[in-house]
Amino acid sequence: MADRLAAFFSVALKVAVTATLFCIVVITFFDVVGRYIFNAPLPGAFEIQEFGMGILFFSGLPLITLERGHISVSLVESLFKKNAVLRRAQVAIFNLVSAVIVALLTYCLWVQAVNSERWGTSSAFLRLPHYPVMYFMTVMASVTCLVLLAQAFLGLRGESLNPEEAEAGKGSSL
């Protein structure tokens, strides 16, 4: 059941990231063509691209976290490789610290979203409200935090959320 949910979640996020990136590319294309060929840029293109980048980044964050695709620097990993208990503790501590940092980010995003909604902040040209995108970013950061907590719990048990991790490695390492 958990594998199916993780697979569905992964596919849904991949679709969201791909669709968002495609929209940003199309808007940028028409903006550049309009600007340099017709001397008439696409109105509000920059604002839509800004919103799209927020959606793109925060849609990808739980996906990359779920797939353990973050770049990692393995300075002390060799110290823990020989002892499975220490390795599990290292993985759990790393994920817990990351979850705390992402939780702090989530809280700050939530405060900003609430304030943005209360103050009615919007984009300058199209007058699009900021708070829906900010709430979306908050939800995606929360999901990332939950993924990190699950990885910490499963790491203590020597398991993984990502079944491909055993074959693909644990992210890119320097």
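Which residues form one aromatic cluster with Trp-110? Tyr-131 and Tyr-135 do. The model is predicted: local features need pLDDT of at least 70, side-chain atom pairs count only at pLDDT 80 or more, and totals for chains, interfaces and linings use all residues. Residues are numbered from 1 along each chain as its sequence is written, and side-chain values use heavy atoms, without hydrogens and water.

The structure holds four aromatic pairs. One of them joins Phe-29 and Phe-30, edge-to-face, at 5.3 Å centre to centre and 75° between the planes. Rings of Phe, Tyr and Trp (its six-membered ring) pair if their centres lie within 6.5 Å; planes under 30 degrees apart count as stacked, over 60 as edge-to-face and the rest as tilted. Phe-30 is partly exposed, with a relative accessible area of 48%. Buried means under 20% relative accessible area, exposed over 50%, and partly exposed in between (1.4 Å probe, protein chains only).

Helix 4 covers residues 84-119. Helices (H or I, at least four residues) are DSSP runs, numbered from the N terminus. Buried residues of helix 4 include Arg-87, Asn-95, Leu-109 and Ser-116.

Ser-116 counts as buried because its relative accessibility is 4%. Not counting residues up to four places away in sequence, Ser-116 touches Thr-121, His-130, Tyr-131 and Met-134. Contact means heavy atoms within 4.5 Å.

Conventions. Helix = DSSP H or I, 4+ residues; strand = E, 2+ residues; numbered from the N terminus.
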